[in-house]
Amino acid sequence: MHKNFKGVEKTVYGRGSFNQLDDILAPVRAENNQYFVFLVDNYFKGKPLENRVPAHDHDLVYYISVEEHEPTTEQIDSLRDEILAQKGLPSGVVGIGGGSIMDIAKALSLMLTNEGSSTLYQGLNLIKKPGIYHAGVPTISGTGAEVSMTAVLTGPEKKLGLKCEWTVFNQIVLDPELIASVPRNWWFYTGMDTYIHCIESENGRLNNAYSHAYAEQSMKLCRDIYLGENSGQTPENDDKLMVASLMGGLSLTYSEVGVCHALSYGLSKILGMRHCYANCIAMNHLEDFYPEGVKEFKEMVAYHQIDLPQGLSNDWSDDILTQMAHVSYGLPHMWLHAIGDNWQEVITIDSLKDLFRRM
Ligand code: NAD
Ligand code: ZN
């Protein structure tokens with residue numbers, strides 16, 4: 001069976017395209033209870049963008065801090081309950097922020113129409129009804145969350161996405177001006193998520209001409225941005241990074257992530273480590289699996305003098321290592337792609353613990 005996936009319905013790309021958001025939303029305002037919910041990264045509170053959010057009088061605007069933790073099932077459920085109790089079903093949801101806000105917007109759109117807790121729907125095709133209209137405006141690039149079919153949530157039992165066709169955004173607005181203020185370390189970690197998506201997509205059995213074409217182009221852009229002679233946070237590179245993120249995400253849609261993401265999920269679930277940072281911590285030690293990718297990754301780390309701590313595992317007890325290994329082991333779709341049918345001969349709880357001990 002080949003994947004039959006749904007893409008984002010509409011995409012606007014370009015400097016200043018954020019100014020078109022009000023016009024884009026106008027036709028949707030007649031839907032449901034005729035108001036919009038804007039979910040904006042708290043970073044923008046008090047910044048010029050706050051005054052540019054095209055909220056009308058009766059709209060709801062939430063400034064959400066993503067600093068303390070990644071999106072949780074509990075957070076989505078209580079936001080949904082609060083919104084429905086206050087004003088009923090909105091016309092749509094708009095997320096303005098990074099991967100965390102993208103996932104909150106996607107998940108909220110689905111949970112506004114699906115009863116019960118979001119924990120019931122963590123997995124593939126468990127959502128029963130289409131969500132409401134949702135638009136995404138990324139303000140930091142790399143995760144590919146703007147194009148993906150999943151909204152990753154951390155619940156009491158698992159870190160897993162609400163994954164189905166209805167998760168995909170109706171509209172995305174890609175305005176590279178919005179990512180100019182990203183702090184340098186986040187610019188690096190989140191950008192590397194894209195690079196790692198491509199390495200993993202390419203190196204596994206699901207790789208094919210379709211996923212390869214996107215990965216190849218995305219990696220070319222990453223090399224310009226992170227290793228090229230005009231490397232760094234420049235407007236030209238921001239233009240490229242937004243496209244690299246998109247294409248890295250599209251490559252994954254038709255392929256799969258691999259070893260680095262499997263380990264990263266263990267780090268995030270058990271230690272609460274942020275996704276992109278956790279990927280960088282893991283990628284640093286995966287030369288056995290991705291020799292060329294890891295070599296180039298290390299060149300990028302050195303070039304930008306990014307501080308990636310070593311010896312973290314000195315503080316991890318055997319129990320912690322075992323818990324992380326179990327989270328990683330429980331992602332067979334990643335291992336099947338990265339290693340193959342015989343993955344359980346190569347990957348065991350003990351071999352995973354050894355990989356974590358390298359960090
Ligand atoms: P993020 O949304 O967690 O934000 C990282 C930091 O950057 C935050 O402190 C935020 O306030 C700040 N920030 C964002 N935009 C900024 C700007 N323009 N200027 C200054 N600061 C800004 O970052 P992320 O790395 O994009 O997202 C990580 C999340 O994405 C994780 O929760 C992960 O699980 C999720 N994810 C989802 C998918 C998917 O397909 N759905 C894929 C990968 C990762
Ligand atoms: Zn990722």
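Met192 is in helix α4; helices here are DSSP runs of H or I with at least four residues, strands are runs of E with at least two, and both are numbered from the N terminus. With 24 C-beta neighbours inside 10 Å, Met192 counts as buried. The cut-offs are these: a residue is buried if 20 or more other C-beta atoms lie within 10 Å of its own, exposed if 12 or fewer, and partly exposed in between, with C-beta atoms placed from the backbone. Met192 and Ser245 are 53 residues apart along the chain, and their C-alpha atoms are separated by 9.6 Å.

A word on the source. This is a predicted model, in which local features need pLDDT of at least 70 and side-chain atom pairs count only at pLDDT 80 or more, while totals for chains, interfaces and linings use all residues. Residues are numbered from 1 along each chain as its sequence is written, and chains are lettered from A and ligands numbered from 1 in the order in which they are written.

Val259 lies in helix α7, residues 259-271. Val259 is buried, because it has 27 C-beta neighbours inside 10 Å.

Now the ligand. Which residues are the closest to ligand 1? They are Gly98, Gly99, Ser100, Thr143 and Ser148, out of 30 residues that surround ligand 1. A residue is near the ligand if its C-beta atom, placed from the backbone, lies within 6 Å of it. By class the shell has 13 nonpolar, 12 polar and five charged residues. In that count Ala, Val, Leu, Ile, Met, Phe, Trp, Tyr, Cys and Pro are nonpolar, Asp, Glu, Lys and Arg are charged, and the others, Gly among them, are polar.

Four elements each supply at least two residues of this shell: α3, β7 (150-154), α4 (184-202) and α8 (275-283). The largest share, four residues, comes from α3. Domain 1 (10-179) and domain 2 (184-357) both give residues to the shell, so ligand 1 lies between them. The domain bounds come from an automatic or database domain assignment.

Next, α3 itself. Helix α3 covers residues 99-111, and at 1.5 Å a residue its 13 residues should span 18 Å; the end C-alpha atoms are 18 Å apart, which agrees. The expected span is 1.5 Å times one less than the number of residues. How many residues of α3 are buried? The count is 13 of the 13, so α3 is largely enclosed by the rest of the structure.

On to the sheets. Six strands form an open sheet in the order β1-β9-β6-β4-β2-β3, with parallel pairing; two strands pair if DSSP finds at least two bridges between them. At the edges are β1 (10-13) and β3 (60-64), each pairing on one side only. From one strand to the next the twist averages 15 degrees, with axes as lines fitted to C-alpha atoms, for helices over the stretch in contact, and angles running from 0 to 180 degrees between N-to-C directions.

Strand β4, residues 92-97, has six of its six residues buried, so β4 is largely enclosed by the rest of the structure. In a regular strand the side chains alternate between the two faces of the sheet. In β4 both faces are covered: Gly92, Val94 and Ile96 are buried on one side, and Val93, Gly95 and Gly97 on the other. Strand β2 (residues 36-41) pairs with β4 in the parallel sense over five bridges, and Leu39 has Gly95 of β4 as its bridge partner. Strand β6 (residues 133-138) runs parallel to β4 and is joined to it by six bridges; there the partner of Gly92 is Tyr133.

The other open sheet has three strands in the order β5-β8-β7, with mixed pairing. Here β5 (123-124) and β7 stand at the edges with a single partner strand each, so one side of each is left without a neighbour in the sheet. β7 and strand β8 (residues 159-163) run antiparallel, joined by five bridges, and Leu153 has Leu160 of β8 as its bridge partner.

Last, two loop residues. Asn32, in the loop between α1 (21-25) and β2, has a positive phi near 50 degrees without being a glycine. Gln305, in the loop between α9 (291-303) and α10 (318-329), is not a glycine either, and its phi is positive at about 50 degrees. Are they buried or exposed? Asn32 is partly exposed, with 17 other C-beta atoms within 10 Å, whereas Gln305 counts as exposed, with 8 C-beta neighbours inside 10 Å.
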